[in-house]
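This report looks at the pockets, cavities and nonpolar cores of a predicted model. The sequence and structure are shown first, and the account follows.

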Amino acid sequence: MSADTPVARPTLAVWKFASCDGCQLSLLDLEPELLAITRAVQIAHFTEMTRAHVEGPYDVSLVEGSITTEADVARILEVREQSRYLITIGACAATGGVQALRNFVEPGTYPAMVYAHPEYLRALDTSTPVSAHVVVDYELRGCPIDRFQLLEVILALLSHRRPIVATHSVCQECKARGTVCLAVSGESACLGPVTRAGCNALCPSVGRGCFGCFGPSEGANVGSLMQWLRSHGHADVTLARLLQTFNAAAPAFREVATNLVATKVTLVAQPLMRKERS
Amino acid sequence: MSVGASVVLRVDDLATLITRLSELGYEVKGPVVRAGAIVSGALSGVGDLPKGVHDEQGPGEYRIAHGDDDHLFDWAVGPSGWKPEFFPPHDELWRARVGDGHVELVEIPDEPRPLAVVGARPCEAAALGVLDRVFIDGAHRDTRYVERRENAFVAVVECSSPAATCFCDSMSSGPNIEVGFDLALTELDDDDGHRFLARVGSVRALAALEGVAFVLASAVDFSARDAVLEGARRRMVRHLDVDGLAGVLARNLEHPRWAEVAERCLSCGNCTLVCPTCFCSDVRDATDLDGDVVRQRTWSSCFSVDHSYLHGGAVRPTTQSRYRQWMTHKLSSWWDQFDTTGCVGCGRCVAWCPVGIDLTEEAAAIVRFDGVTSVTRPSVRSHL
């Protein structure tokens, strides 16, 4: 450690599991605040930013991605052991991500569609959230996370207070910014009423219905919303697809999607993928 | 001319009035069309008003349609109303800088330009009256609200075309307005032409009308107004029987209907945020990287679990308890707290509920089965 480095800075490490890196890049997207953040915390491990590595233990670990391999299972235990606070970032880490679609089909179904030689893969049959393996201190939702929520959690940790992170619906953010409700004023199916806020209602603000990337809001009544959309002309398969994206395995979404397509092996993405590949 | 006088304005005169309000220093806002709805926006002239635009509303549904008429106010209510102008969704109250052994407080000034609203509806003016009781008349005056309200000019336009969601007639808050305005307009269009009957409600309105060409109103104009209001009342299909309702709700807190509505309710909070009288907020302190603290006030909803969080957990953990809290407050305990109804019958909670839950229907169901402990109704979940 160099002489001019303040000694009391908490250490922060960023870990990647099965994910696209978009969430950890949100930390770099905090451009105006980034230098101040590095003065407040010591970035100990963050391979998207630096090859420098400081050995643990760490005050805070940000964990991105879901657990999809045997190696992941071992490594997440190690991360937990080395971390005072373990904070997951993003839909993959919180609910298993889009890759959790594999959980609902016969093992090997998707690899056979995608890879020429799926036999080289060494992966688990399921994609599971970090919380299924270790104790998680805090979860940030979203695909990707909202960078200001990430900053808020870092600030809260620094000042030993509770983060200001809402658990209510996206609707409350639409109303606060004056976005006219797409679901009521147009034909757009919108998951906003059952999706957790945090994105500042980004998609509805540009005329696109919420696709639920922050996962279910607290106590989400997904069945009632789907029933309403059904009675307003939306096809079951469309609605199931709406629920089976980045938080497909979130129980509140999964349960209703399963009921909508009425069969255990839903695989609504399958026909599309086959078509594209033929 | 004095307060209480009535005059007739032509559309050109209304344009002059808007210009005049702007010259007097007001930020003039009114109904404008945006994103498929009639919302509040800046008015630079009558050209910004929703000419020939009409709205169709039902539970969970809202559409606008463009007609070939030149009426400016032939629609009911838009999604937002005027609450956000006086009680903003997000407000920063003060800042604190934490230094060595001391805390320095810095006030964040709130000096918006005085607002002139041209085209509030009677129910919206009534709603501001309800909010006044909360923010002005109580033991704790909200100084920011007080300042915004006292400086505001409110020109109300009476309703000719209620939507299917409107029930202001039941709540005595429309389609007419008799008090609580600077200027009350009624859009008239008959053999005497397209014009507005304007009733002067304040000294401020007298100042605003200086330089505006007008003629004094006659009995003909008043009977034209009566016809407009009579037509509006006749077209109002939704009703809420308020006679004894507060008591019925208060004694039916364990009614099975609460559980039934909770099966449909998304607990998303839309009803509370579109409601022109819901006033709940959350106050929190945010910190930044320099160690500064900002005290923020943001809208909150009783449909959020967090809203009733006390040490150890939420007081109202279920949707059933939260819906009941909202409706009984609005229609029953509001009377105990503020000596008025919390509902002005604008119908927004009906129209903007994403699954079309109808407050009037829910209240009527409880009245119908007053004291009953078991009512059967098909479950939503059983269909899925």
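## Second largest pocket

In this predicted model, domain 1 (6-89 + 110-235) and domain 2 (245-278 + 302-383) of chain B each contribute at least three residues to the lining of the second largest pocket. That pocket has a volume of about 580 Å³, and of the 29 residues that line it, those nearest its centre are Ala125(B), Ala126(B), Gly129(B), Val179(B) and Gly180(B).

Helix H3 (122-135) and helix H4 (143-151) of chain B each provide at least two residues of this lining, and H3(B) gives the most, with 8 residues. By class, the lining of the second largest pocket comprises 14 nonpolar, 8 polar and 7 charged residues.

## Largest pocket

The largest pocket has a volume of about 1300 Å³ and is lined by 38 residues, with Ile164(A), Glu173(A), His90(B), Gln296(B) and Thr298(B) lying nearest its centre. From chain A, helix H6 (147-158) and helix H7 (171-177), and from chain B, strand E13 (281-287) and strand E14 (292-299), each supply at least two residues of the lining of this pocket. The lining of the largest pocket is made up of 13 nonpolar, 14 polar and 11 charged residues.

## Domains of chain A

For chain A, the domain assignment gives domain 1 (11-158) and domain 2 (171-277). The C-alpha centres of these two domains of chain A lie 24 Å apart.

## Cavities

The structure holds 9 cavities of 30 Å³ or more, and the largest cavity has a volume of about 130 Å³. This largest cavity is lined by 16 residues, of which Cys265(B), Cys271(B), Tyr323(B), Cys353(B) and Ile357(B) are the closest to its centre.

Helix H10 (270-274) and helix H11 (319-338) of chain B each supply at least two residues of the lining of the largest cavity. That lining divides into 13 nonpolar and 3 polar residues, with no charged residues.

In soluble globular proteins, nonpolar side chains tend to be buried together. Here the largest nonpolar core has 52 residues, among which Met226(A), Leu243(A), Tyr323(B), Trp326(B), Met327(B), Leu331(B) and Leu359(B) touch the most other members. Helix H10 (residues 222-231) of chain A gives the most to this core, with 5 residues. A second, separate core of 41 residues includes Val32(B), Val39(B), Leu49(B) and Val200(B).

Definitions and conventions:
Residues numbered from 1 in each chain as written. Chains lettered and ligands numbered in written order. Predicted model: local features only at pLDDT ≥ 70, side-chain atom pairs only at ≥ 80, totals over all residues. Heavy atoms only, no water. 1 Å grid on protein atoms, 1.4 Å probe; cavity = no way out; pocket = protein on both sides within 12 Å on 5 of 7 lines; lining within 4 Å. Points joined across faces, edges and corners; volume = space filled by probe spheres on them. Helix = DSSP H or I, 4+ residues; strand = E, 2+ residues; numbered from the N terminus. Nonpolar A, V, L, I, M, F, W, Y, C, P; charged D, E, K, R; others polar. Domains from an automatic or database assignment. Core = buried A, V, L, I, M, F, W, Y, C linked by side-chain atoms within 4.5 Å. Buried < 20%, exposed > 50% of the residue type's maximum accessible area, 1.4 Å probe, protein only.
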